[in-house]
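Have your viewer ready and let's take a short walk through this model together. At each stop you get something to select and a note on what is there.

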Amino acid sequence: AIEWIQEKDMWVSSDDYGQDLETVRSLIVKHDGFEQDLAAISEQVEATTKEAEKLLERFPDAAEHITHKHEEMVQAWNVLLEKANARKLKLQEAESLQMYFDDYRELRAWCSEMMAIITSDDLPRDVSAAEALINRHKEHRAEIDTRNKDINKFSQTGKRLIADGHFLSEEIQYKIQQLNTAWEQLLAVWEARRDLYDQNLD
């Protein structure tokens, strides 16, 4: 049992928590399988403990050696269980984070797309076209405003993850800053284009 425990200790000590949602979920499936292996080896650990008790009765002169070997195995087993539990928690954190990062990619893509839309129009040469452009620009603003709650939610969720001591807090903070910057730039460009359209109408 001790050899198996030492071999699996290396596996649960891995710093690989996946690079995206798919790989994280694949690692979670592997970890679930590993936990089933733990349940099986638990029976071996119990059997080894009973065997150690029998050996102590039969070979009292070797009590120190038997006790030392048994304690070594039990300690390694307990450490493995702790590490397995810690890895499971980190994989769950990583899964939540990758879902969060998917939201980030979607919101950043939306900001870029909206930026392209509101900067694509040329200045019209007649009044009716200028008024139509201003109305269309207001519609874009309405769409932007509906996204405000998603941006705020993303920021609040990230700050909560950081406050909870998430092991990827630096990356979370970076994503919050990047999205907030893109959002502020989008609002600033919308305001600038509105002013430009108003001046053009005059």
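Start by selecting helix α5 (residues 148-163) and helix α6 (residues 169-201), which pack at an angle of about 160 degrees with their axes 9 Å apart. Axes here are lines fitted to C-alpha atoms over the stretch in contact, and angles run from 0 to 180 degrees between N-to-C directions. That angle makes α5 roughly antiparallel to α6 (over 145 degrees counts as roughly antiparallel, under 35 as roughly parallel). Now show side chains: among the residues making the contact are Ile151, Phe154 and Leu161 of α5, and Ile172, Leu179 and Trp183 of α6. Contact means heavy atoms within 4.5 Å.

This is a predicted model, in which local features need pLDDT of at least 70 and side-chain atom pairs count only at pLDDT 80 or more, while totals for chains, interfaces and linings use all residues. Residues are numbered from 1 along each chain as its sequence is written, and side-chain values use heavy atoms, leaving out hydrogens and water.

For the last stop, select His31, which sits in helix α2 (residues 21-58). Is His31 buried or exposed? With a relative accessible area of 1%, His31 is buried (under 20% relative accessible area, with a 1.4 Å probe and protein chains only). Beyond its neighbours within four places in sequence, His31 touches Trp11, Ala84, Arg87, Lys88 and Leu91.

Methods: Helices (H or I, at least four residues) and strands (E, at least two) are DSSP runs, numbered from the N terminus. Angles under 35 degrees count as roughly parallel, over 145 as roughly antiparallel, 65 to 115 as roughly perpendicular and the rest as oblique. Buried means under 20% relative accessible area, exposed over 50%, partly exposed in between (1.4 Å probe, protein chains only).
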